[in-house]
Amino acid sequence: ERKEAERKEAERKNTTIPNSNAMKSIPPNCWGVSGAQLLVLVKIVIDHFGKDGRPNVYEVVKAVIKPLCMAEAVSYSILVNPSGIRSQTFVTHAWSESFLGFIRSIRAYYADFESRVFWICFIANPQTWPQSELKLLLGPTAFASPFYLAMSQCSEFLVVRNENSNMYTRLWCVTE
C-alpha cells in the first residue's frame with residue numbers, strides 16, 4: 001500500500017501537463033466537434049495532402065492534428081472549442097481508414113451533419129501528451145476512460161466501418 005502511494009506521488013510529480021490545462025477541467029463528453037468544424041479540418045487535410053491524397057487517420061494525426069495542437073497541449077476538439085462543446089454522437093471507427101472516406105460516411109448518414117456534435121477519439125483525445133499523461137487520462141480501467149465517460153452521455157452511437165480493415169480487431173473498438 002505504501003509503495004503504491006509512493007508510485008502515485010512520483011507519477012504526479014513527473015507530470016508535464018499542468019492541472020490548469022483545459023483537458024483536465026472540461027468533462028470528456030464536452031470534447032466534441034461539430035460537423036461544420038470537421039469540414040474545416042477536411043479542408044486543412046486536403047491543403048496538406050493534396051486533393052488526390054487519401055491519408056488514413058494515423059497520417060492525419062501525425063501530419064495535421066499533432067502540429068496544430070502541440071503548443072496548447074490540447075485535443076483538436078478543445079483547440080477549436082476552448083470551453084468544450086457537448087457531444088451528441090459517439091463515433092467508433094478504425095484509424096486505418098481513409099480520413100476523407102470516414103468523414104464522407106458520417107456526412108452521408110446525417111442530414112444535420114454540420115450542426116451535429118461528434119465525439120471522435122483522434123479529435124477528442126489529446127494526441128500530443130506524453131505516455132505517462134495519457135495513461136493517467138485513460139484511467140485504471142476502460143470504465144474510467146474518456147471514451148466510456150463520453151459514450152455514456154451521448155444520445156447516439158455510430159459505427160463507421162471501412163474497407164481497409166476489420167475494426168473489431170482493434171481492442172478499443174471491441175470495448176466501445
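Is Pro130 buried, exposed or partly exposed? At 31% relative accessibility, Pro130 counts as partly exposed; buried means under 20% relative accessible area, exposed over 50%, and partly exposed in between, with a 1.4 Å probe and protein chains only. This is a predicted model, in which local features need pLDDT of at least 70, side-chain atom pairs count only at pLDDT 80 or more, and totals for chains, interfaces and linings use all residues. Residues are numbered from 1 along each chain as its sequence is written, and side-chain values use heavy atoms, with hydrogens and water left out.

**Around Pro130**

- Pro130 sits in the loop between H6 and helix H7 (131-138). Helices (H or I, at least four residues) and strands (E, at least two) are DSSP runs, numbered from the N terminus.
- Pro130 touches Thr16 and Ile17, not counting residues up to four places away in sequence. Contact means heavy atoms within 4.5 Å.
- Ala73 is 57 residues from Pro130 along the chain, and their C-alpha atoms are separated by 9.9 Å.

**Nonpolar core**

- The largest nonpolar core has 45 residues. Such a core is a set of buried Ala, Val, Leu, Ile, Met, Phe, Trp, Tyr and Cys residues joined through side-chain atoms within 4.5 Å.
- Phe99, Ile106, Trp119, Ile120 and Phe122 touch the most other members.
- Helix H3 (residues 57-69) gives the most to this core, with six residues.
- Ile106 touches Val91, Phe113, Phe118, Ile120, Leu158 and Val160, leaving out residues up to four places away in sequence.
- In soluble globular proteins, nonpolar side chains tend to be buried together.

**Aromatic pairs**

- The structure holds seven aromatic pairs. Rings of Phe, Tyr and Trp (its six-membered ring) pair if their centres lie within 6.5 Å; planes under 30 degrees apart count as stacked, over 60 as edge-to-face and the rest as tilted.
- Phe90 and Trp119 form a stacked pair, with 5.0 Å centre to centre and 10 degrees between the planes.
- Phe90 lies in strand S2 (residues 89-92) and Trp119 in strand S3 (residues 117-120), so this pair ties together parts that are 29 residues apart in sequence.
- Phe90 is buried, at a relative accessible area of 0%. Trp119 is buried, also with a value of 0%.
- Phe99 and Phe122 form an edge-to-face pair, at 6.2 Å centre to centre and 75 degrees between the planes.
- That pair links distant parts of the chain: Phe99 is in helix H5 (residues 99-109) and Phe122 in helix H6 (residues 121-124), 23 residues apart.
- Phe99 counts as buried at 0% relative accessibility. Phe122 is buried, with a relative accessible area of 0%.
- Tyr109, Tyr110, Phe113 and Phe118 are linked into a cluster by ring pairs.

**Salt bridges**

- The structure holds four salt bridges. A salt bridge is a side-chain nitrogen of Lys or Arg within 4 Å of a carboxyl oxygen of Asp or Glu.
- Glu133 forms one with Lys24, the closest N and O atoms being 3.4 Å apart.
- Glu133 lies in helix H7 and Lys24 in the loop between helix H1 (2-13) and strand S1 (33-34), so the pair ties together parts that are 109 residues apart in sequence.
- Glu133 is buried, with a relative accessible area of 2%, whereas Lys24 is partly exposed at 33%.
- Lys43 forms a salt bridge with Asp47, with the closest N and O atoms 3.1 Å apart.
- Lys43 and Asp47 are separated by about one helical turn, because they are four residues apart in helix H2 (residues 35-49).
- Lys43 is exposed at 51% relative accessibility, and Asp47 is exposed at 54%.
- Arg116 forms a salt bridge with Glu156, the closest N and O atoms being 3.5 Å apart.
- Arg116 lies in the loop between H5 and S3 and Glu156 in strand S4 (residues 156-159), so the pair ties together parts that are 40 residues apart in sequence.
- Arg116 is buried, at 10% relative accessible area, while Glu156 is partly exposed at 31%.
- A network of salt bridges links Asp112, Arg116 and Glu156.

**Surface patch**

- Phe143, Tyr148 and Leu149 make a nonpolar surface patch of about 310 Å². Patches are made of residues with over 30% relative accessible area and no salt bridge: like charges are joined within 9 Å, nonpolar side chains (Val, Leu, Ile, Met, Phe, Trp, Tyr) within 5 Å.
- Accessible areas come from the Shrake-Rupley method with a 1.4 Å probe; for residues, only the protein chains shown count as cover.
- Phe143 is found in the loop between H7 and helix H8 (146-151). Phe143 is exposed, with a relative accessible area of 60%.
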